[in-house]
Amino acid sequence: MTPKEILALCREKSVRAVDLRFMDFIGTWQHTTIPVSRLAEDTFLDGQGFDGSSIRGWQQINESDMLLVPDPTTAFIDPFTELATLVLICNVQDPLTREDYSRDPRNIARKADAYLKQTGIADTAFFGPEAEFFIFDDIRFDQNAHSGFFYIDSEEAEWNRGREEFPNLGYKIRHKEGYFPCAPTDKLMDIRNEMMQTMIDVGIEVEAQHHEVATGGQAEIDIKFNEMVRIADQMMMYKYIVKNVAYKHRKTATFMPKPIYGDNGSGMHVHFSLWKDNKPLFAGDGYAGLSQTALYAIGGILKHAPAILAFSNPTTNSYKRLVPGYEAPVNLAYSQRNRSASCRIPMYSNSPKAKRIEFRCPDPSCNPYLAFSAIMMAGLDGIQNKIDPGSPLDKDIYDLPPEEAALVDKTPASLDAALDALEKDHEFLLRGNVFTKDVIENWIKYKRLKEVDALRLRPHPYEFCLYYDV
């Protein structure tokens with residue numbers, strides 16, 4: 001859409017408010033709203049001012065003025081507001097230089113897309129994320145100097161088999177047995193359908209929705225792949241819709257990777273392919289129908305995976321999912337069909353257009369603009385430097401003899417370790433000025449101070465179970 005078409009849409013849909021949205025450094029959508037009368041064609045050039053010093057990880061107070069510049073191609077009608085509201089996703093600029101802001105995650109993804117074209121290797125990177133999430137009936141948590149707890153509840157969870165529900169009708173989902181059951185065991189069909197239809201209504205192509213493996217309301221809605229910046233935009237729309245539909249039904253949705261102990265966590269497997277002149281570059285006559293280009297891309301992703309995880313698995317909770325035994329892809333290996341490898345080559349179709357790499361480590365707590373950019377930059381580094389991914393590992397990795405399993409590299413065991421890896425290995429991200437040293441340094445600083453240290457310094461409730469009587 002052009003600015004002129006946006007104004008016509010506002011008249012056609014009787015829009016009364018315009019919501020300007022942008023991504024903060026860490027990965028949360030932020031917004032400010034203007035009356036529709038304030039929206040003009042010039043707004044798409046001049047932007048809307050805001051205070052950048054109040055956004056996590058951004059400006060100092062002495063340089064706080066910033067601009068939101070709407071992207072007219074991102075427009076959609078908000079499906080949840082009572083007043084007819086048009087949403088526009090914005091880029092962030094410095095008001096003095098009018099340069100795109102280096103710490104704006106959407107700008108980083110835009111620069112990554114431009115760098116891809118500049119290399120001549122490809123002109124399009126397609127990404128297809130498969131985000132999982134939980135829908136709970138109740139969530140309570142708190143942490144202070146003298147207490148700390150969390151409490152989760154779900155009507156379909158195994159732990160409620162014996163609860164008085166007046167009446168309790170059974171049909172609870174056993175741990176790790178939530179994949180694909182029909183109603184009445186699956187109690188969330190109507191909510192997931194509403195989420196799916198709402199996504200379709202705002203222009204997201206949906207491929208499927210279903211209950212996921214874990215008890216307690218785990219779900220997945222798969223959306224069709226798209227170009228990198230657009231699919232990152234759509235992932236933010238996706239999370240907004242999931243949370244608000246759940247809230248509408250007096251339930252709560254979370255993309256936290258590992259909210260339930262002893263059951264599967266929520267991942268976001270990311271399908272990735274490169275194209276040039278409308279032709280797929282990852283199809284060939286090599287292993288699993290891959291081209292040499294694709295194998296080199298896998299080599300780059302596996303080599304840089306520990307550093308990528310600082311963006312694709314960016315929370316301390318992420319590493320409670322990335323442990324052996326829960327389909328979590330902790331092994332830095334590649335394989336066709338094998339879900340215990342971090343890079344999988346899906347074999348559902350023999351079409352060259354369907355040939356892609358599935359990177360299984362990421363989780364939906366990530367900032368998609370940063371995560372997708374890091375994955376693509378690692379893949380490009382593999383192609384540019386012809387990084388050999390080694391031999392595929394088609395065995396069940398969890399059943400390997402200990403001496404053989406020890407030869408398979410593993411993902412970092414903590415966010416702190418992933419940040420260490422990023423500190424040592426980030427030159428591949430700096431090419432084309434996609435990520436900058438400022439971004440890398442401030443990401444590491446913020447994550448260590450606000451998350452790693454914040455958790456490390458607090459007593460954990462389970463430590464009382466282990467150590468109170470020492």
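Select strand 10 (residues 206-211) and strand 11 (residues 218-223): they form a hairpin with six residues between them. In the turn, Gly-216 has a positive phi of about 75°. Strands and helices here are DSSP runs, numbered from the N terminus, with at least two residues (E) for a strand and at least four (H or I) for a helix. This is a predicted model, in which local features need pLDDT of at least 70 and side-chain atom pairs count only at pLDDT 80 or more, while totals for chains, interfaces and linings use all residues. Residues are numbered from 1 along each chain as its sequence is written, and side-chain values use heavy atoms, with hydrogens and water left out.

Strand 10 and strand 11 pair in the antiparallel sense over five bridges; two strands count as paired if DSSP finds at least two bridges between them. Gln-209 stands opposite Ile-221 of strand 11.

Glu-132 has Glu-220 in strand 11 as its bridge partner.

Is strand 11 mostly covered or uncovered? It is mostly covered, with six of its six residues buried. Buried means under 20% relative accessible area, exposed means over 50%, and partly exposed lies in between (1.4 Å probe, protein chains only). Colour Gln-218, Glu-220 and Asp-222 for one side of strand 11, and Ala-219, Ile-221 and Ile-223 for the other; both sides are buried.

Next, select helix 1 (residues 3-12). Its Ile-6, Leu-7, Leu-9 and Cys-10 are buried. Seen down the axis, the buried residues of helix 1 fall within an arc of 155°, so they line one face of the helix. The arc is taken over the directions from the helix axis to the C-beta atoms. An α-helix has 3.6 residues a turn, so residues three or four places apart point the same way.

What do the buried residues of helix 1 pack against? They pack against helix 2 (43-46) and strand 6 (85-93), where contact means heavy atoms within 4.5 Å.

Turn to the other side of helix 1, where Lys-4, Arg-11 and Glu-12 are exposed. Glu-12 counts as exposed because its relative accessibility is 60%. From Glu-12, draw a distance to Ser-266: the two are 254 residues apart in sequence and 40 Å apart in space, C-alpha to C-alpha. Just after helix 1, Ser-14 takes a positive phi of about 55°.

Go to the loop between strand 6 and helix 3 (105-119) and pick Arg-98. Its phi is near 60°, a positive value in a residue other than glycine. Arg-98 counts as partly exposed, at 34% relative accessibility.

The loop between strand 9 (148-153) and helix 4 (189-201) holds Pro-167, and Pro-184 is also placed in the loop between strand 9 and helix 4. The peptide bond from Phe-166 to Pro-167 is cis, with omega near 0°. The bond from Ala-183 to Pro-184 is cis too, with omega near 10°. Lys-176 lies in the loop between strand 9 and helix 4, and its phi is near 65°, a positive value in a non-glycine residue. At 40% relative accessibility, Lys-176 is partly exposed.

Finish with helix 10 (residues 415-424), whose buried residues are Leu-415, Ala-418, Leu-419, Ala-421 and Leu-422. They cover an arc of only 155° around the axis, which puts them on the same side of helix 10. Show helix 6 (292-312), helix 7 (318-321), helix 11 (427-430) and helix 12 (437-456) as well: the buried residues of helix 10 pack against these.
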